[in-house]
Amino acid sequence: MTDTPAAPQPAPWPDKPLAVLVIGAGFSGLAMAIRCRQSGIDDLFVVEKADAVGGTWHENTYPGAACDIPAHLYALSFAPKSDWTRTFAGQPEIAAYLRELVARFDLAKHIALSTAVTGAVWDGGRSLWRVETDRGPLEARVLVSGMGALHYPAVPAIPGLHTFLGPLFHTAAWDHGVPLKARRVGVIGTGASAIQVVPAIAPEVERLVLFQRTPPWVMPRNDRPIGPRMQALFRRLPPVRRLLREIQFRVREARAALGFTRVSGLTRLAEAASRHHLRRQIADPALREKLTPPYRLGCKRVLISDEFYPALTRPNVTLEAGPIRAVTPDGVTMQDGRHHPLDVLVLATGFDTTASLARVPVVGRDGLILARAWGERVAAHRGVAVAGFPNFFMLLGPNTGLGHNSVVLMIEAQVEYVLACLAEMKTRNLAAIEPSPEAQARYLADLERRLAGSIWQQGGCASWYQDAAGRNIALWPGTVLAYQRAMRVPDWGEFVLTPA
Ligand code: N01
């Protein structure tokens with residue numbers, strides 16, 4: 001389904017300490033690399049465990065995979081693209097955009113593909129990070145994680161799951177070698193991935209059973225092709241493209257007030273719009289009832305689709321809303337004993353978001369292990385830096401994801417913040433920079449206060465945004481504008497600055 005990945009020339013392996021080492025060549029890592037180079041930092045290396053750049057957009061190739069943020073708003077502001085072919089770009093187009101960035105910004109000589117980081121240790125004596133990879137060691141003064149959180153598939157603890165004899169795979173590791181035509185396919189889960197995959201495969205399979213545990217709130221999508229004339233207009237008149245992006249941005253910022261971050265007077269309005277969408281597309285009251293969420297809109301990610309509900313009305317599709325008892329060698333048995341015989345089983349069950357950094361041991365000052373420092377709560381100062389971990393920055397770290405707008409805007413705000421830290425290190429001739437524990441604690445206390453009233457805590461649902469204790473560790477509880485304002489100029493009083 002994806003184009004063949006462009007094969008960048010292998011980067012020469014660095015033999016001396018780097019200025020900046022970036023982990024991951026997805027949206028975050030590529031944005032960091034581009035802006036480093038534009039800022040004159042050439043002593044830069046990016047390691048990527050996959051065999052191509054693109055991160056989540058390289059890995060998620062399931063049928064129907066697309067972005068639920070308009071393409072012009074989902075692109076990097078400093079790397080615009082005039083010729084997006086749809087309002088909401090599909091995965092192949094986004095993956096191709098990310099691969100094109102490598103050539104456009106001459107990054108190939110800085111990127112090592114098929115290279116996994118296995119650990120990183122801060123060497124306080126030399127003020128640098130010693131990083132282990134499966135291709136050998138690296139050293140860098142500054143380590144930036146662009147690892148993201150959505151790439152270790154969550155495998156549900158359903159009894160008998162691995163006794164299933166047919167093909168069994170996760171949406172994030174789609175097996176394109178398995179034919180679905182004329183086969184009975186089960187899909188477990190009704191999140192953002194499932195609602196895209198179900199309409200995409202329903203027309204070709206013999207029977208599709210969708211196993212739903214919790215119904216999602218779904219809004220209209222209104223996807224449209226962008227024709228050659230509009231593309232030419234965007235190319236010739238960049239202000240028009242920028243205006244469109246600004247409008248798309250502002251419309252989504254308004255969602256924060258519409259209940260996407262907190263219960264407000266407007267939440268009911270958004271819920272009414274979603275119910276109207278359901279009523280318009282599903283005539284059967286019993287099916288509608290099954291699809292009506294029992295929690296407030298915004299508590300889980302609000303999904304957008306014009307095809308999901310109609311797919312469920314197809315004669316070859318069944319929505320199974322009861323609890324699953326077990327997976328058997330030939331299908332799925334429900335708690336009430338009914339059995340669905342299946343040939344293929346697809347897990348659309350999301351990601352293990354805590355695994356990302358926990359799988360790579362990061363050891364900071366005085367032997368402090370990041371996963372242990374996070375024993376109480378996964379947290380980072382402004383979502384990007386952690387006390388006790390000098391010269392270490394995270395992109396899309398804790399509580400900087402979004403449910404209402406484009407995360408690319410968050411990544412950009414963070415990249416500029418990191419660049420400001422790097423510039424300050426140079427100006428003041430610093431060996432190390434890290435947030436003070438007091439500043440981090442103040443930030444976290446404020447964050448917790450704002451999260452307490454958020455829709456994710458008050459909306460009556462559980463979601464992947466929350467940790468085992470039910471705390472939201474994934475999303476930013478405000479507007480993008482508020483985050484951008486807070487990140488524009490680092491407050492050096494929040495940092496411990498160690499002179500060289
Ligand atoms: O995963 P999810 P996803 N038995 O965690 C169900 C991004 N994304 O891959 O709600 C039965 O949202 C689970 O049920 P419940 C986006 O940020 C973006 O769909 O927990 N069911 C749920 O329905 C998104 O939020 C795009 O009760 C089980 C589903 O599996 C994130 O990725 C596209 C179960 C998991 O939903 C993850 O989305 C795709 C069990 N044991 C993804 N365990 C864009 O368009 C879990 N489930 C940009």
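The second largest pocket in this predicted model has a volume of about 440 Å³. As for what the lining is made of, 10 residues are nonpolar, 8 are charged and 3 are polar.

Now for the domains. The protein chain splits into two, each built from two stretches of sequence: domain 1 takes 18-151 and 352-499, while domain 2 takes 161-223 and 265-347. Their C-alpha centres sit 32 Å apart.

Where the two domains meet, 23 residues of domain 1 touch 21 residues of domain 2. Between them they bury about 1,900 Å², with carbon and sulfur atoms giving 50% of that area. On the domain 1 side, Tyr62, Pro63 and Asp68 stand out: this trio supplies 31% of the area that domain 1 buries against domain 2, more than any other three residues.

And how many salt bridges are there between domain 1 and domain 2? The count is 2. Asp68 also turns up in a salt bridge with Arg301, where the side chains meet at 2.9 Å, N to O.

Terms used: Residues are numbered from 1 along each chain as its sequence is written. This is a predicted model: local features need pLDDT of at least 70, side-chain atom pairs count only at pLDDT 80 or more; totals for chains, interfaces and linings use all residues. Side-chain values use heavy atoms; hydrogens and water are left out. On a 1 Å grid over the protein atoms alone, a cavity is a set of points where a 1.4 Å probe fits but cannot get out, and a pocket is an open set with protein on both sides within 12 Å along at least five of seven lines; lining residues have an atom within 4 Å of a point. Grid points are joined across faces, edges and corners, and a volume is the space filled by probe spheres set on the points. Ala, Val, Leu, Ile, Met, Phe, Trp, Tyr, Cys and Pro count as nonpolar, Asp, Glu, Lys and Arg as charged, and the others, Gly among them, as polar. Domain bounds come from an automatic or database domain assignment. Contact means heavy atoms within 4.5 Å. Buried area is the accessible area (1.4 Å probe) that two parts lose on being put together, summed over both. A salt bridge is a side-chain nitrogen of Lys or Arg within 4 Å of a carboxyl oxygen of Asp or Glu.
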